[in-house]
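Here is a short report on one protein chain. Look over the sequence and the model first, then read on.

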Amino acid sequence: MVGNTYPYTLEDWSDDIILAHGSGIDGFALNMGRDEWQPDRVSDVSMPCETSADAQTLRNLVLKFIPHPNYMQVNCQSLVSTFAGESCTFGRESASDGWNSEFVGHPDLQGKIRFVPSFFIDPSTFGSFSSVMDGDFNWNSGWPIQVTTDFVRKLVSNTPVKNALSLLATASSNKIVSAVDLSLSLVQNALGQIIGSPESDVRHVQNLAALSGSISSRDAMSKPTYMAAVSPWFFTHYGADLYNKNFIYYSDQHLYSKRWESLIANRDQVDIVQILTWNDYGESHYIGPIKGAQPNSQAWVDGMDHTGWLDLTCYYATAFKTGSFPSIEKDEIFMWSRTHPTHATAPDPVGQPTNFELFEDVVWAVVMVTAPSTVVLSTSSQNSKIFHVPAGLTKLSIPISAGDGMKGIILRDGITTVALDPSNFTFEKNPEVYNFNAFVASASAD
């Protein structure tokens with residue numbers, strides 16, 4: 001997000017590039033708006049689209065940067081993408097005509113760019129943009145956006161869960177506990193089938209076939225480019241006095257790992273993976289350091305470091321690019337959780353975010369070990385779980401209650417190889433604001 005880099009210097013960009021490269025990331029997609037200062041930041045490293053003059057501004061911006069030797073190329077063309085834009089007409093009668101006449105087909109750019117936009121349209125209508133699109137960026141594929149509270153209510157109404165709940169009416173106390181556990185397990189298992197699912201990718205890739213004929217007429221050796229998204233989290237908390245967006249996308253059940261694993265399993269269908277994001281603090285899905293200029297998101301971002309996810313990113317990104325999971329050279333543990341119970345109340349005028357009920361009061365963990373090991377996760381002296389894990393990567397979890405912390409230990413042959421015990425984390429019973437962002441911590445063997 002270029003809008004969050006206002007105070008950046010060349011040294012800031014250099015630091016970010018080095019950190020990202022060391023984490024398996026090959027480049028940055030610079031998401032920028034119309035502020036006059038933003039092209040200057042792009043030189044260091046939501047624009048209007050109603051008139052022909054707007055198109056000229058956009059073309060000039062693209063032409064300024066695509067000759068740069070570090071600009072990403074696909075089939076010898078410069079990759080250009082968007083966030084939205086499906087309604088941009090640039091003064092023409094339709095969006096398709098506008099993008100074709102004033103941008104991709106304009107003499108200034110024709111043949112120079114590979115246009116892979118994120119148009120928020122039904123994939124079955126890709127054909128209406130066949131003269132414009134060289135591919136598709138499926139932005140929303142990073143999260144299971146179909147999972148809402150209403151979606152889960154419908155899951156609960158399904159027969160297996162309903163049967164389990166029906167036991168509550170006449171059951172003894174022990175059977176009540178069993179029925180509740182069974183119903184929750186059925187719902188969580190159903191959600192688990194959705195988390196990281198390639199269903200959205202399959203639908204988009206299938207409908208890209210509608211572009212093949214038009215693309216081959218422009219470049220006989222080319223096929224549609226598919227760019228998928230992966231993201232670790234989503235929470236935004238702006239009131240009506242600002243951006244008026246206060247909601248979550250379901251991010252539990254090891255979303256980041258499962259989405260990566262799905263993309264790796266289907267890598268022959270995916271040309272590019274875009275990680276959402278490096279520094280979008282306002283939506284809580286940043287994996288880079290907290291720096292630059294926050295978009296009034298300090299209330300839910302300050303103290304919520306996410307760089308613990310970077311080594312996990314490197315592991316999965318390497319597997320996607322090479323087709324093989326890299327060998328694990330050292331023991332490592334990653335843990336994350338929200339900072340207060342799902343149903344906690346706070347004196348927060350913005351209110352609870354839409355779909356907040358979806359989140360579970362759980363600490364999620366991933367361990368990577370070089371040999372079979374014992375892992376102990378705990379949130380307090382009264383709550384701990386022991387796991388015996390094989391060599392490789394294992395996804396784990398443990399419930400958490402108000403007042404708890406988080407701790408993880410990896411042991412082998414009775415010797416602790418890694419200990420993670422973040423002192424600055426507490427699962428608060430009475431938060432001052434609703435914060436459904438993730439606190440992330442990690443530790444590795446020396």
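## The second largest pocket

Strand β4 (135-138) and helix α8 (199-207) each supply at least two residues of the lining of the second largest pocket. Helix α8 gives the largest share, four residues. Helices (H or I, at least four residues) and strands (E, at least two) are DSSP runs, numbered from the N terminus. The model is a predicted one: local features need pLDDT of at least 70, side-chain atom pairs count only at pLDDT 80 or more, and totals for chains, interfaces and linings use all residues. Residues are numbered from 1 along each chain as its sequence is written, and side-chain values use heavy atoms, with hydrogens and water left out.

The volume of this second largest pocket is about 420 Å³. Its lining counts 23 residues, and N138, N140, S141, I145 and S200 lie nearest the centre. By class, the lining of the second largest pocket has 10 nonpolar, 10 polar and three charged residues. Here Ala, Val, Leu, Ile, Met, Phe, Trp, Tyr, Cys and Pro count as nonpolar, Asp, Glu, Lys and Arg as charged, and the others, Gly among them, as polar.

## The largest cavity

Rolling a probe the size of a water molecule over the atoms shows where empty space is left. The search uses a 1 Å grid over the protein atoms alone: a cavity is a set of points where a 1.4 Å probe fits but cannot get out, and a pocket is an open set with protein on both sides within 12 Å along at least five of seven lines; lining residues have an atom within 4 Å of a point. Grid points are joined across faces, edges and corners, and a volume is the space filled by probe spheres set on the points.

The largest cavity has a volume of about 30 Å³. Which residues line the largest cavity? They are W233, D252, S337, R338, E360, V362 and W364. Three of the lining residues are nonpolar, one is polar and three are charged.

## A three-stranded sheet

Strands β1-β2-β3, in that order, form an open sheet with mixed pairing. Its edge strands are β1 (73-74) and β3 (113-115), and each pairs on one side only. Two strands pair if DSSP finds at least two bridges between them. Strands β1 and β2 (residues 77-80) run antiparallel, joined by two bridges. Q73 stands opposite S78 in β2.

Helix α4 (residues 95-104) lies across β2 and β3, and runs at about 160° to β3. Axes are lines fitted to C-alpha atoms, for helices over the stretch in contact, and angles run from 0 to 180 degrees between N-to-C directions.

## A four-stranded sheet

A second open sheet has the order β12-β11-β14-β15, with antiparallel pairing. Strands β12 (383-389) and β15 (415-420) are the edges, each pairing on one side only. The twist averages 20° from one strand to the next.

Five bridges join β11 (residues 373-380) to β14. In this pair, S378 stands opposite K407 in β14. Five bridges also join β14 (residues 407-412) to β15, where I409 faces A419 as its opposite residue. The hairpin of β14 and β15 has two residues between the strands, and D413 takes a positive phi near 55° there.

The structure holds 33 aromatic pairs. One of them is Y238 with W300, edge-to-face at 5.0 Å centre to centre and 80° between the planes. This pair links distant parts of the chain: Y238 sits in strand β6 (residues 235-238) and W300 in helix α11 (residues 298-301), 62 residues apart. Rings of Phe, Tyr and Trp (its six-membered ring) pair if their centres lie within 6.5 Å; planes under 30 degrees apart count as stacked, over 60 as edge-to-face and the rest as tilted.

Y249 belongs to the loop between β7 and α10 (255-265). Not counting residues up to four places away in sequence, Y249 touches W143, I145, F234 and F359. Contact means heavy atoms within 4.5 Å.

## Backbone exceptions

Most residues other than glycine have a negative phi, and most peptide bonds are trans. A84, in the loop between β2 and α4, has a positive phi near 70°. N244 has a positive phi of about 55° and lies in the loop between β6 and β7 (245-248).

A cis peptide bond joins L276 and T277, with omega about 0°. T277 is found in the loop between β8 (272-275) and α11.
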